[in-house]
Amino acid sequence: MQSSAARCAAAPGPLSFSSVTTDRTSVHSKQTLSRSTPSLLRRSPSFKTAHPSSSNCPAKTFSHRRGPVQCNAAKGDDSESEAPLKEAAGKAIDAAGAGLSWVSPEWLTKLVSTFQGPDDSGVPVANAQLNDVQELLGGALFLPLFRWMLETGPVYRLAAGPRNFVIIGEPQAAKHVLRNYGTKYHKGLVAEVSEFLFGSGFAIAEAELWQTRRKAVAPSLHRKYLSTMVDTVFAACSDQLIAKLERVAASGKPINMEAAFSQLTLDVIGKSVFNYDFDSLTSDSPVIQAVYTALKETESRSTDILPYWQVPLLCKLIPRQQKAAAAVKLIQETVERLVAQCKEIVEAENERLTEEEYINESDPSVLRFLLASREEVSSTQLRDDLLSMLVAGHETTGSVLTWTVYLLAQSPSAREKVFEELARVLPDGRSPSFADTRELKYIMRCINESMRLYPHPPVLIRRAIVDDEIPGGYKVKTGQDVMISVYNIHHSPQVWDKAEEFFPERFDLEGQVPNEANTDFRYIPFSGGPRKCVGDQFALLESVVALAKLFQRFDFELVPGQDIGMTTGATIHTKNGLYMTVKDRQKALSKEPVLV
Ligand code: HEM
């Protein structure tokens, strides 16, 4: 299996930046040394009131309980990682035309702002110089966005050539924009840049089409179907990974856990959406690479200065577009094949089964649900909706598992609590049932905390469809692109105590699982408002089951000296993979001397 970096570096195109990324720790250490937070407070009165120290702050319950905490930051020097960034930026500036993502000559930015006239929005403009923008070339857009927040304030404008975003890193402003989907904001740029992949799929559809299709699909993820999936899908696929890890543990060789989790989550989503076994844990699936390539293309499109990909002829000629088109073709054909197979089965049994029998059958897949409901829907719409779920549910959950195991590997105290919980809730070592998953509260909090530190995707995009004013008194004009930086909110020292630390206990173990509603939009890993993730419960359940089963059996250690780094392809990936050694806990326990 290729690492994510290897996969993206292989992608040809006018500018393929993916192999150059910034190390997370070094960026952060630079920020904390050289940037001061007071500017953040000065510029946003609304942000002050959202500070956890205010007595009515809901985040207080989550963040004020402290214990021995483990810093998730690995130590590192960034001088080496900056060198390729500078080199790549130099190449980008030299290159002309398509794909010059964000590296806009300053004269163009100034020219555009001259035409636009005076800015009376009250939104401060980030001082984004070409040197700063170079970091975007690593594909880790959210990192400079965080630095600019510390410099400029929680809401600021990022202008580069004709592109111009209002960046939001403050919970109340995010709540306003996300909740007003449909009346004041729509998906806008996201839909434009990913239509080549999702077509009319409901993940990017707007207005009535989105409403109708979401209504049709959402019931397929109801708890009753999810409870069936715990055993038939989540546990069964995890067993495949366990079999693979047993061999790895016996060999003593390291394994790239990021790749392994990507395979696991593809197998899970294949089974639960189409009842199809990609079997990617035992054989290389080209779909993984195709999904990654397609998502990387959507990200590049959102920062390309000129939307040249709207010209069909150019798409045929430019290698980056040829590669993206081939990836989408592969994904679409795979989904079409699966729909056709399932249709035959469902047509044969449609008359036969009651709802109860249907749930008890071994195939509670989304596709089967949609076909059995006999709702009028075209094959293309069905294909695009399922494709939306395949893409949205695969890399996201894989990345959550990757970063949770990464964080746990660096926190012996958290790992001990995981082992203790497993011994208590599942004393006989059995596979967790649906009921058991509710008792695995500490594992759930580790996942919640991992999604705070590493939100997937790290930014959400909307476009204003009317003139608006967002909390803080910032004016937004019709057509304005808005980026909600979930990463900024989740890492903001104004929102979270010890924001950079991995501290699962900040979320009360006996309280509700944190979400956007019970944290008043301080915690939004699944977004919020009408376009909130439809698969949130599915993903949390899948992650709890997978982690419980893996930690029942194994312990994981990071291979020392590796440069983890961060890059994006819609979700946050490592730069070079996550190499770990795996220890079989059962064998280790049985070797322990017995005290008489
Ligand atoms: C931990 C894993 C996951 C994360 C972090 C995640 C995150 C998100 C986020 C942030 C959004 C909203 C984007 C926006 O507001 O613009 C979203 C939407 C969506 N997610 Fe997830 N997701 C995950 C797993 C899943 C799974 C497993 C599925 C399918 C079974 C899924 C299906 C979808 C769909 C279809 C949408 C679009 C919903 C709509 O626009 O109405 N996601 N996801």
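Author: Helices (H or I, at least four residues) and strands (E, at least two) are DSSP runs, numbered from the N terminus. Residues are numbered from 1 along each chain as its sequence is written. The model is predicted: local features need pLDDT of at least 70 and side-chain atom pairs count only at pLDDT 80 or more, while totals for chains, interfaces and linings use all residues.

Asn275 sits in the loop between helix H14 (257–274) and helix H15 (286–303). Although Asn275 is not glycine, its phi is positive, near 55 degrees. A residue is termed buried if 20 or more other C-beta atoms, placed from the backbone, lie within 10 Å of its own, exposed if 12 or fewer, and partly exposed in between. Asn275 counts as buried because it has 21 C-beta neighbours inside 10 Å.

On the H11 side, Leu189, Val193, Ser194 and Leu197 meet Ala294, Thr298, Arg301 and Ser302 of H15, contact requiring C-beta atoms, placed from the backbone, within 7 Å. By class, this contact of H11 with H15 comprises four nonpolar, three polar and one charged residues; Ala, Val, Leu, Ile, Met, Phe, Trp, Tyr, Cys and Pro count as nonpolar, Asp, Glu, Lys and Arg as charged, and the others, Gly among them, as polar.

Conventions: Two residues are in contact if their C-beta atoms, placed from the backbone, lie within 7 Å.
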